[in-house]
Amino acid sequence: MGYSVEEMLGARAEELLAFQTPKISRDLLHLPGPDFVDRVYAQSDRNNRVLGNLAWLFNHGRLGGTGYLSILPVDQGVEHAGGASFAKNPIYFDPENIIRLAMEGGCNAVASTFGVLGAMARTYAHKIPFIVKINHNELLTMPNSFDQILYGTVEQAYEMGAAAVGATIYFGSEESGGQIVEIAEAFARAHELGMATILWCYLRNPAFKKDQDYHAAADLTGQANHLGVTIQADIIKQKLPENNGGYAALNMGDSSYGKFDKRIYTELASDHPIDLCRYQVANCYMGRIGLINSGGASGENDFADAAITAVINKRAGGSGLISGRKAFQRPLDEGVKLLHTIQDVYLDATVTIP
């Protein structure tokens, strides 16, 4: 990467690299490794074709054979509007450049829309694993509404030659019940056809904003992960935890929300970011289902932020990163460098799992 991981982390190097006292022991986790598909997924009811596509995902790109994933997701043309997403770098209105970025960036896979991946399927579907994101929000209803809508069928993704399908559920929203049923059925069909499944386990409810924003609380996102694994997602995508105590905060006063045990906050997690992320991993059946954290929006310190997120995920026992805007909202060569920065953390044997 040109710089050591310690140099990339800057002032946070000691906090993140010297941490050795997690609340949940690594001995309880099913950790990533070259044999992860055989050691963990193959114990499940997933058929041989699903295992084959999972193996393709885990064995492709610069992280191939390590048990870690670096995925480029670019569905923002629908989720966040094309103009808002690509104005910084208009070349990404052309789907081929999205796929080129993933390939030149050494990613395990590229995740995008039916439109993007379908437009270039005959040229690239056999060269890099495709993850077709089957549902999205839309930003034309006025006032804006926030729901996840299917934009195609699982069969279309299969005919395209996709290795996997992806979907989002807005856990906590009024629409979440229908989304859970819809995506559980879609994932079951994807597995029948031999494709892997990735779930964006996001929270969305205005009530989750109290004294602070709990949409990225470890306890609430952890439970979203647990629900995602329950509908047999093969990989869980989740935002990196930013705080904890969502259940406790939402149960203050006369309110009653969900169920929780105070030991979540004392015996299963501390306020250290690696501990918070490890609680997310624990809710993925102690790592039997891989946790990939999202890279977040592009900002002023993208390279350092990407390295920080990768170190936290790796040391927590996670399975990699899925980072899009930090990469595609800059020139292609810089986007490639950003993706390599993430991957180098997972390739660095000095970044250990406590």
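Guide: Gladly. In helix α14, the buried residues are P273, I274, D275, L276, C277, R278, Y279, Q280, V281, A282 and N283. Before we go on, this is a predicted model, where local features need pLDDT of at least 70 and side-chain atom pairs count only at pLDDT 80 or more, while totals for chains, interfaces and linings use all residues. Residues are numbered from 1 along each chain as its sequence is written, and side-chain values use heavy atoms, with hydrogens and water left out.

Visitor: What makes α14 largely enclosed by the rest of the structure?

Guide: Buried means under 20% relative accessible area, exposed over 50%, and partly exposed in between, with a 1.4 Å probe and protein chains only. In α14 (residues 273-283), 11 of the 11 residues are buried, so the helix is largely enclosed. The cover over these buried residues includes α2 (13-17), α11 (218-230), β8 (235-238), α13 (263-266), β9 (290-294) and α15 (302-316). Helices (H or I, at least four residues) and strands (E, at least two) are DSSP runs, numbered from the N terminus. Just after α14 comes Y285, with a positive phi of about 55°.

Visitor: Why is K133 called buried?

Guide: K133, which is found in strand β3 (residues 130-133), has 1% relative accessibility, so K133 counts as buried.

Visitor: Which side chain does K133 join in a polar contact?

Guide: That of T168, at 2.9 Å. A polar contact is a pair of N or O atoms within 3.5 Å; within protein, one must be able to donate a hydrogen and the other to accept it, and residues adjacent in sequence count only if both atoms are side-chain atoms. Leaving aside neighbours within four places in sequence, the residues in contact with K133 include D75, E79, S112 and W200.

Visitor: What makes the buried residues of α4 line one face of the helix?

Guide: Those residues are V50, L51, N53, L54, L57 and F58. Seen down the axis of α4, they fall within an arc of 165°, so they line one face. The arc is that of the directions from the helix axis to the C-beta atoms.

Visitor: How does the span of α4 compare with the expected one?

Guide: The expected span of a helix is 1.5 Å times one less than its number of residues. Helix α4 (residues 48-59) has 12 residues and reaches 16 Å from its first C-alpha to its last, close to the 16 Å expected. At its start, a side-chain oxygen of N47 comes to within 3.0 Å of the backbone nitrogen of R49. After α4 comes G61, with a positive phi near 80°.

Visitor: Is N48 buried or exposed?

Guide: N48, which lies in α4, has a relative accessible area of 68%, so N48 is exposed. N48 and H191 are 143 residues apart in sequence, yet 9.9 Å apart in space, C-alpha to C-alpha.

Methods
Contact = heavy atoms within 4.5 Å.
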